[in-house]
Every structure is written in C-alpha cells, then in structure tokens.
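Biologist: Please take me through the sheet and the residues around it in this model.

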Amino acid sequence: MKKLASTIGGLGTAGLGTLAYGATQTTNFQLKEYELPLLAPGTLRGKDSFDILHIADLHMIPGATRKVEFVSSLDALEPDLVINTGDNLSDERGVPWVLDALGPLLNRPGAFVFGTNDYWAPKPVNPFKYLLDQKREPSYVDLPWLGMRAAFVERGWRDATHQRLEFKVGDVRLALAGVDDPHHDLDRYEDIAGVPNPDADLSIGLLHAPYRRVLDRFEADGYDLALAGHTHGGQICLPGERAIVTNADIDRKRASGLHRYGKMWMEVSNGLGTSKYAPVRLFCPPSAALLRVTERSR
C-alpha cells in the first residue's frame with residue numbers, strides 16, 4: 001500500500017509539474033515563417049515576396065499585456081496583407097485589448113472571418129471531452145463582436161464571411177473568399193462557390209476551423225491557399241508539436257503548419273491564445289505565421 005500511495009503521489013506531482021510548465025508556455029509567443037512560390041514570374045516587379053501575416057485565436061482577456069505587446073510588435077515585419085481567422089475573444093471585456101493588440105496592423109490591408117468564440121463566451125472545459133475530440137455545445141452567451149467587427153471594418157479590414165472579395169495590394173491582384181465557422185455548422189459555401197477570378201495573381205480561402213467539407217470545396221474551385229486556425233495546433237501535444245486531437249476533422253499531422261491539401265496549399269495556425277478556462281499549452285507554443293509568397297521559377 002505504501003508503494004502504491006507513493007506511486008500515485010509521484011504521478012500527481014508529475015501532473016502538477018506538467019500543468020505548471022504548460023501554463024508558462026501560454027506566453028511563449030513565436031513566429032513561424034514559410035515560403036510559398038505561388039506567383040507568376042514578373043508579378044512582384046523586383047520585390048522579393050508578398051508577405052501575409054496570419055493571426056488566429058487570440059482568445060483575448062483583460063490584462064493580457066504580453067500578448068498585446070507581441071501582436072503589436074508584428075507590425076515591424078511590414079506585412080503586405082494581414083489575415084485574421086477568428087476567435088479573438090475569451091471575455092466580454094476583451095474587445096479593447098484586441099484592438100490594442102492589432103492597432104498598428106489595422107492600418108495595413110487585411111481581411112477576416114470569425115469563429116464561434118467571437119460570438120459566444122467560453123464556458124468551463126471538460127478535459128476528457130477535449131482529449132476524446134468531442135465537440136462541445138457553445139454557451140450561447142453573446143459577446144460584443146459587432147462592435148469589434150465595426151472597428152475592424154472602419155479601419156479598412158474586409159469581412160470575408162460568405163463573401164468573395166477582389167482587391168489589389170501593391171502589384172498583386174487578390175481573390176479572397178471566406179465562410180463562417182464550420183465547427184458549429186455556420187458555413188454556407190454555396191454563397192461563395194465557384195472558381196476565383198482567373199485574373200487574380202493569388203487566391204485565398206479563409207475559414208476558422210479546418211473542416212474537410214470546406215477545404216475540399218476551396219481546393220476543387222481552384223484556390224491557391226487556404227488559411228485556418230481553431231486547432232491551437234492541438235494545444236496539448238506530444239513532443240515535437242505532435243497533436244493528440246485537432247478539434248476538427250482534419251488529420252492530426254496537419255493540425256498546424258503549412259501542408260499540401262490536394263492541389264492547394266493550406267496553413268493552419270497554432271493560434272496565440274487559449275480559452276480562459278484552459279490556460280495551458282504543452283509542446284505547442286502560441287504562434288503567428290508569416291507566409292512569404294514568392295514567384296514561381298517558371
């Protein structure tokens with residue numbers, strides 16, 4: 001009995017130590033960088049790359065000063081385009097903190113779609129449901145997302161939710177389309193279905209959660225790139241950022257990072273936050289992504 005008690009006590013201590021380590025990792029903010037040769041030769045007219053900064057899953061709460069400072073610092077990268085794929089909030093008082101974090105980036109060309117954690121407040125998490133990859137019912141407690149959306153749009157960012165957007169940034173002609181959050185079946189792909197404008201230099205599909213039914217449609221319609229968040233890269237991972245669950249139907253090997261998805265590229269963000277009820281990350285640090293889109297060799 002003494003040996004069993006000692007073993008259980010040791011496991012409990014190890015578990016507490018792991019949780020403590022995971023809590024410290026929630027502010028271990030990082031930047032992932034990728035290069036994608038997608039543009040036709042001559043598109044950039046001598047410029048090295050067209051840089052896209054992808055931000056997702058801020059899950060902002062009041063007092064998240066280090067997160068605000070990190071996100072604001074990303075403006076020094078001078079991205080050509082900023083993409084935000086949602087879940088900005090984790091508290092009804094979070095909007096001013098989101099706007100402080102994104103402040104300088106809102107002066108740059110940008111587009112966004114939202115996730116359900118923009119619309120509804122989080123609720124306490126059953127960790128067993130999460131680890132079993134079971135979908136959880138939203139709280140349906142409204143968050144002030146309309147004011148946040150209005151601030152984004154007023155500063156010049158485009159809402160891509162169920163919209164097909166075409167605009168030019170520098171010398172690059174863009175075709176963007178997005179859907180609302182597939183995780184809770186808010187997506188309506190039929191609203192945006194069809195081939196992107198063939199005159200566009202770069203076509204991008206936006207969605208909060210990487211569900212195959214939407215990714216399949218983007219890929220079949222001929223989009224060059226899809227950007228998503230939601231997975232938190234697995235949040236509780238094995239060493240080497242190996243996800244245990246994805247909280248979507250994408251396979252675990254593509255829970256984060258840049259991957260091929262058929263003929264299309266797909267980048268899934270680790271995200272920069274967690275639910276305020278689950279402030280822990282293990283072997284999966286919070287991150288933003290910079291995609292340097294370059295010209296093809298031929």
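**Sheet and loop contacts**

Modeller: Strand 2 (residues 50–55) and strand 14 (residues 287–295) pair in the antiparallel sense over 5 bridges. Strands (E, at least two residues) and helices (H or I, at least four) are DSSP runs numbered from the N terminus, and two strands pair if DSSP finds at least two bridges between them. This is a predicted model, in which local features need pLDDT of at least 70, side-chain atom pairs count only at pLDDT 80 or more, and totals for chains, interfaces and linings use all residues. Residues are numbered from 1 along each chain as its sequence is written, and side-chain values use heavy atoms, with hydrogens and water left out.

Biologist: Which residue in strand 14 is the bridge partner of F50?

Modeller: Strand 2, residues 50–55, pairs with strand 14. The bridge partner of F50 in strand 14 is V293.

Biologist: Which strands stand at the edges of the sheet?

Modeller: The open sheet of 6 strands has mixed pairing and the order 1-14-2-3-4-5. Each edge strand has a single partner strand, so one side of each is left without a neighbour in the sheet; they are strand 1 (30–39) and strand 5 (158–159).

Biologist: Is N88 buried or exposed?

Modeller: N88 lies in the loop between strand 3 (81–84) and helix 3 (95–102). Buried means under 20% relative accessible area, exposed over 50%, partly exposed in between (1.4 Å probe, protein chains only). Because its relative accessibility is 1%, N88 counts as buried.
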